[in-house]
Amino acid sequence: MTDLERSEQLVALLGGPLGWHTLVHEPEVASTNDVALAAVREGTPPGLVVVADHQTAGRGRLGRPWDDASSGDAVRSLTASSVVALPTANVSLVPLAVGLAVADALRRAGARPMLKWPNDVLLPRPGGGRAKAAGILVERHAVPQGEVLVIGTGIDLDWREVPRSGDADAWTSVAESAGRDVDRVSVLADLLRGLAVWLRSVPADPLRLLIAYRDACATVGTDVRVTFPDGEVLEGRAVDLDRDGRLVVESPVAGKVAVTAGDVEHVRPGT
């Protein structure tokens with residue numbers, strides 16, 4: 001067993017009422033989501049958590065690569081995948097529930113998170129403005145035990161003095177934003193507690209979930225540019241979330257449009 005698997009904070013969460021039963025910690029994997037899915041396909045029930053120190057082929061929404069910035073023995077990010085049974089209702093709200101769980105964990109770590117619909121968590125940048133510090137990928141799969149969700153979370157814990165390029169050039173980390181060291185075990189423990197709580201709200205109390213997400217969402221009330229998977233672009237103001245968790249964008253051309261999927265960019269008026 002690794003030190004992470006022996007951690008008293010994490011061991012205390014396994015086998016209890018939160019629903020997590022097994023924690024697997026790997027030094028390096030291509031993708032924690034892929035490792036978790038393979039285990040479930042071989043018979044491991046939902047409640048599995050997979051954590052890796054280094055991830056070499058992580059991915060985000062729309063097939064984008066995700067860089068964990070880790071190198072050598074330095075673990076700079078928290079890359080974790082959790083497997084849960086498919087909720088009985090309101091599956092479209094799951095990414096919002098995960099976002100709230102991540103935000104709760106980062107708040108406990110001393111940061112001031114906001115949510116960018118539908119899959120990103122933003123933190124204040126030391127020089128001003130907000131930047132991405134965490135991303136979420138929820139994948140639905142049919143396995144022998146039934147349908148499950150594999151929930152991938154990538155959190156930039158400490159990227160101080162880390163060179164970055166590409167998309168990551170615009171990202172920040174919890175330590176940079178909070179101005180303090182961050183304990184990976186504590187963030188993971190708080191994340192697992194938050195996931196258990198917010199995922200129960202998906203079928204049981206969706207209104208509470210939607211209100212909480214709307215209150216924490218930096219996208220609502222912002223001018224946005226949405227690029228749909230087919231390349232079509234919608235520009236307007238994000239004004240609300242609907243009951244299915246879709247982003248409602250009010251456009252001078254198209255009126256109010258409920259966005260299910262797309263690349264959402266926050267833009268300044270007039271740009």
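Helices α6 and α7 are oblique to each other, a class that takes in the angles left over once those under 35 degrees are called roughly parallel, those over 145 roughly antiparallel and those from 65 to 115 roughly perpendicular. The model is a predicted one, in which local features need pLDDT of at least 70 and side-chain atom pairs count only at pLDDT 80 or more, whereas totals for chains, interfaces and linings use all residues. Residues are numbered from 1 along each chain as its sequence is written, and side-chain values use heavy atoms, with hydrogens and water left out. Helices (H or I, at least four residues) and strands (E, at least two) are DSSP runs numbered from the N terminus.

**Helix packing around α7**

- Helix α6, residues 184-204, packs against helix α7, residues 206-216, at an angle of about 125°, and their axes are 6 Å apart; axes here are lines fitted to C-alpha atoms, for helices over the stretch in contact, with angles running from 0 to 180 degrees between N-to-C directions.
- On the α6 side the contact is made by W198, S201, V202, P203 and A204, which meet P206, R208, L209 and A212 of α7, where contact means heavy atoms within 4.5 Å.
- By class, this contact of α6 with α7 has seven nonpolar, one polar and one charged residues, counting Ala, Val, Leu, Ile, Met, Phe, Trp, Tyr, Cys and Pro as nonpolar, Asp, Glu, Lys and Arg as charged, and the others, Gly among them, as polar.
- Helix α4, residues 94-108, also has an axis that comes within 10 Å of the α7 axis, and the two cross at roughly 60°, which makes α4 oblique to α7.

- With 21 residues, α6 reaches 30 Å from its first C-alpha to its last, close to the 30 Å expected at 1.5 Å a residue, the expected span being 1.5 Å times one less than the number of residues.
- Helix α6 is mostly covered, since 15 of its 21 residues are buried, that is, under 20% relative accessible area, with exposed meaning over 50% and partly exposed in between (1.4 Å probe, protein chains only).
- L192 is found in α6 and counts as buried at 4% relative accessibility.
- Leaving out residues up to four places away in sequence, L192 touches L10, L13, W20, V49 and S82.

**Backbone features in loops**

- A cis peptide bond with omega of about -5° joins W117 and P118, and P118 is found in the loop between β6 (114-116) and β7 (120-124).
- N90, although not a glycine, has a positive phi of about 60°; N90 lies in the loop between β5 (77-85) and α4 and is partly exposed, with a relative accessible area of 30%.
- E161 is also a residue other than glycine with a positive phi, near 65°; E161 is found in the loop between β9 (146-156) and α5 (174-178) and is exposed, with a relative accessible area of 82%.

**Residue E250 in strand β12**

- E250 lies in strand β12, residues 247-251, and is partly exposed at a relative accessible area of 40%.
- Apart from neighbours within four places in sequence, E250 is in contact with G236, R237, V239, G255 and K256.
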